[in-house]
Structure formats: C-alpha cells, structure tokens
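This report covers selected local features of one protein model.

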Amino acid sequence: MIIILNRPHEDARMRSRLSLMMASASLALMLPAAGSAAKFRFAGPLDAYTLDPHAISNTLVFAVLRNVYEPLVQRGPDLSLQPVLATEWTQVDPNTWEFKLREGVTYSNGNPFNADDVVFSFERAKKGGMASHLAEVASIEKVDDLTVRFLSDLPNPILPNQIVNWFMMDREWAEANGATEPGQADNTTESFANRNTNGTGAYVISARDPGVSTEFTARPEWWGQITGNVDKATFFVIPNPATRVSALITGEVEMIDGVPPQDTQRIENTDGLRIAATPDVRTVYIQPDVARDTLIHGGGVEGNPFKDVRVREAMTLAIDRDAIQSRIMRGYSTPVGLPIGKEVEGSTDALNTPPPQDLERARALMAEAGYGEGFDVALDCTNDRFMNDEATCLAVGSMLGEIGIRVTPRAQPTARWAQQINPPGYDTSLAMLSYAPYTYDGHQFLSSIAVTRNEETGGGQFNIGGYSNPEVDRLTAEIGAETDPEARAALLAEVFGLLKDDYAFIPLHQLQILWGLKEGVEVVQLADLSYPLAWFTVPE
C-alpha cells in the first residue's frame, strides 16, 4: 500500500470532515489529566507521507523524522553546525573529509551505531530521493568502527552543510526487515521502512495513524540530553486552516503550524495565545516544462510554448508579486527575483529584486513569440503544503490569463501532487513548487534543481521542468569545488544571473514561518520548518 494523506475518491469537504472527526476523537482520548507534566499536543496541515528517511528530500518528512533519526551533523538553534552522530570532522585533503563517530550510540531496538551503518546509509540513500544531497560524494570508506572517510572526485568545501538531513539507518534492522532499498520519491513503492522506524534520536514513534496523528515518546536511553521537557508529544494532521485555528483557541492543542495570515490578529487578540513568526528560507516559484516538445497538460497550440524564452519572460512580467504579498499573504512574505531566499549564499540585492508587473511588455513578448492568441495549460499546485498555496496558485493563474495563458489551476493534496510531479515521471507541464536549501547555500539549489537531470549522479533530480543549460552545469561543478570565498561568490552570481536571464524559474515570494502558541510554550523555529521537540518547553 501507498501511504497517502487523503483518499482519492473522497471530495475535499468529506476529507476535511473525516480528518476533523478523527482528530477530535483522538484529541478527546488524549487530553492529559490535570497536573500531568511534559505532554505536548500540536497540529499542522499535513503529514509526512513516508517514514523512510531516504525515499525523498521533503521538508515535512524531515520535520517528523528528525526527532527519530539523526544525521552526522545538524544545525543548532543558532543555525551553526553541531555534532550529532559525528563528534568531529576534518577535511584531510581537498577531496577527502574524515568524520569521527560518536561512541556508545544505540538505535531504538538496541543495536549499536557504527561505521557500517554510515556506509550502508550512503549506499541506500544514493538509490533514493536523497541522492542529490550526496551527489558530490563518490564513496565512503570505513576506516574503523568509529571513523569514516568521504571521498569526492572534486574538492568540496561545504560537504558538512550538505548532509544535515541525511539520516543514519541501522543496516542490520534494514536487512532483517527487507528494507535495504529506499522507497521511490513518488511514493509508488511500499517497504517496511515506509511505516516503521528505528533511529538513534531522542524520540520513538509510539503510535501512528497516517494522515491523522503521530505520537512521539522520549527515549530514556538516548545518548544526548533533552534541553526542553517534552516527554510525550502528539502531532495531529488538521488540513482545514479554520479548524486548526479553532483547535488552538479551544485548547485542544498547544501549538499549530501553518497559521493563515488572515487569522494572526485573531490569535494575538485571544487571551493566553501568541504568534511566533520567523523568516523562512523557503521560496515559492513556478517552473514550466521545457524538456518536452508538446504540452502534455494543455492545448490550443502546437508544440511547447515554454521552450521560448520570450514566453517565460512574459510570464515573469505578468505576475504582480506586490499584490500577492499584500492581498493574499497579508504581509507575511517577501517578493523575490530568484528561486532562493535573500539569506541564502548566492543571493544579491540586484539579482533578487523582482521586476514590476508590466502587462504591456508581457503581451508584446507573447505576440513576438507567435502566441498572441494564447494557449491552455494546467498549473499543478498543492492545497495543503505551505501558507496559502492554493490561493497563490489561483492568483497566478488569473494573472497569467491577462496575457492569454489560459490556466486551469489543479490544486490537490501534497501526497497526490508529489506522486504526479516527482521523479521518475515528472508528469506536469507547469508546476508551482517551493524549496528551502538547508545548507543556506545556493549551490544546493543548483545541484538538485537547476542542473541537467543525471540519473547516475542524482544531480538535477528535482529539476521538475527539465531545464538544461551546459553553462549552468559547468559553473555548478566549478562552484562545488571552489574553496576561495570571493571567487565562489562571483561564480554564484554568474550562474544565478544566467538562470535569471533564461527565465528558467519564475520566482514568486519567500515565506515566513507562522506558528500559533499557547502562552508558556517555548519553541525553536528553524528555517527548515522542522519541529525539534527536544528543544521545546511546555507548561507542566
């Protein structure tokens, strides 16, 4: 079976009603008794649709699994790199990094963590949706039980930044349960690891109803120290934003993720509640399919108009980003001119300033390209993945209609959307996407999304539109090996300038993280949208 958030045969109203009924029933059963300590209930719009840590590079999957599985290194509350399953790391030569592993670590089933697991996790992840995170690593060698070496064909000065979401798996557990191969990024395969976990992290998943709720329980034998006080946490999936806000206001949960911007004032005006907001490095952008010779989800024209750079420029000029910011996002977004956030290495003020809407110029470009009469196309979007995604999708469709591109917005739950547009099928002509480079470095976007797709290395794996530019490929490889900061910054500016001139991606805005909290709940908001429960403190 495939883990899905919503059943395809149910309409949106029925899904919302069922989710609310199930969540409310679960909440009623799990309300803590007066005086009980360290229990935490929180809710978000959607669930991780797999528990396999190597199936896909997905923010929501990471958000859930980082409490259960662990990487060698991670970003701490101040966003600096912290040791986790590795205690130290050194670049012993330009092409080699050595990691010393933490001694005495065990998985939740009691098996010891060692270098064999690192090698196994590398080989497994390279076969799945995490391949782009490891694309620049040629191999990993075991030196001894607590030492491994990462070998690359070219120098890689930022390798530790690239592996913060690559989680370690127990080789013996995977072999015993037939889970040595990762699930597919489009979620079309089922394995033991899709529904079961065995990590080294601070918590175990003690109960789970996919798409409804997930319960986390602290591990007394965890090697680390929980700096907060959460012993048990239950995450509820409440897709409907109004229902989610109501759950916070009525006290059914102590925190909600994905607060609709229009409800922030209501929460702030409610006694005992507050809003926590912080910048997110996630950007939202449109990517057209430029690889195929025809529109597979469109019509009214021969060929593929998106192959013409003038059409892509016209689309960029047709979008009023300021209107989206003020009317849809209520100020909780920042218009951008690049598909990376302003805090990401590679962004400059000049490059990341978007052009103003210019419908006259956009219509002229459409006519010059031979598409003055326009054409039809479906725009594939989510309706539950990030803040106001469906509303943004509808607005973009309306704006593109002003220049003759007759858009049919096709908004659907993330699980179904991801299965459609993700590799290997890339079944879309025009998609609204989002991305947050957890390395805070533009090279991550380039290597996983902008370069030509390469099944062998995993590069460009999530280049949904199939964009390909040999110069972008060359510069991306050069950036990956460049150790001089100034030279590297210049190369990043050059390659993002090329992407902007090519209109390969049509950026919309950079988001903010909005959480609603009960007073007394202290949280750490990271730009990767995760829920680091070990750092949360709740009233006892």
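## Backbone exceptions

Tyr503 is found in the loop between α16 and β18 (506-518), where helices (H or I, at least four residues) and strands (E, at least two) are DSSP runs, numbered from the N terminus. The phi of Tyr503 is near 50 degrees, a positive value in a residue other than glycine. The model is a predicted one, in which local features need pLDDT of at least 70 and side-chain atom pairs count only at pLDDT 80 or more, while totals for chains, interfaces and linings use all residues. Residues are numbered from 1 along each chain as its sequence is written, and side-chain values use heavy atoms, with hydrogens and water left out.

Arg330 also has a positive phi, near 55 degrees, and is not a glycine. Arg330 sits in the loop that links α10 (321-328) to β14 (333-335). Its relative accessibility is 47%, so Arg330 counts as partly exposed (buried means under 20% relative accessible area, exposed over 50%, partly exposed in between, with a 1.4 Å probe and protein chains only). A further exception is the peptide bond from Pro423 to Pro424, which is cis with omega near 10 degrees. Pro424 belongs to the loop between α13 (414-421) and β17 (430-435). Most residues other than glycine have a negative phi, and most peptide bonds are trans.

## Strands around β7

Strand β7 (residues 147-151) pairs with strand β5 (residues 96-101) in the antiparallel sense over 5 bridges; two strands pair if DSSP finds at least two bridges between them. Within this pairing, Phe99 has Val148 in β7 as its bridge partner.

Strand β6 (residues 139-144) also pairs with β7, in the antiparallel sense and over 5 bridges. Here Ile140 stands opposite Phe150 in β7. A hairpin is formed by β6 and β7, with 2 residues between them.

## Helices α15 and α16

The axes of α15 (residues 470-481) and α16 (residues 485-502) come within 10 Å and cross at roughly 160 degrees. That makes α15 roughly antiparallel to α16 (angles under 35 degrees count as roughly parallel, over 145 as roughly antiparallel, 65 to 115 as roughly perpendicular and the rest as oblique). Axes are lines fitted to C-alpha atoms, for helices over the stretch in contact, and angles run from 0 to 180 degrees between N-to-C directions.

In α15, the residues that meet α16 include Val472, Leu475 and Ile479, and those in α16 include Leu491, Val495 and Leu498 (contact means heavy atoms within 4.5 Å). The residues of this contact divide into 8 nonpolar, 1 polar and 4 charged; Ala, Val, Leu, Ile, Met, Phe, Trp, Tyr, Cys and Pro count as nonpolar, Asp, Glu, Lys and Arg as charged, and the others, Gly among them, as polar.
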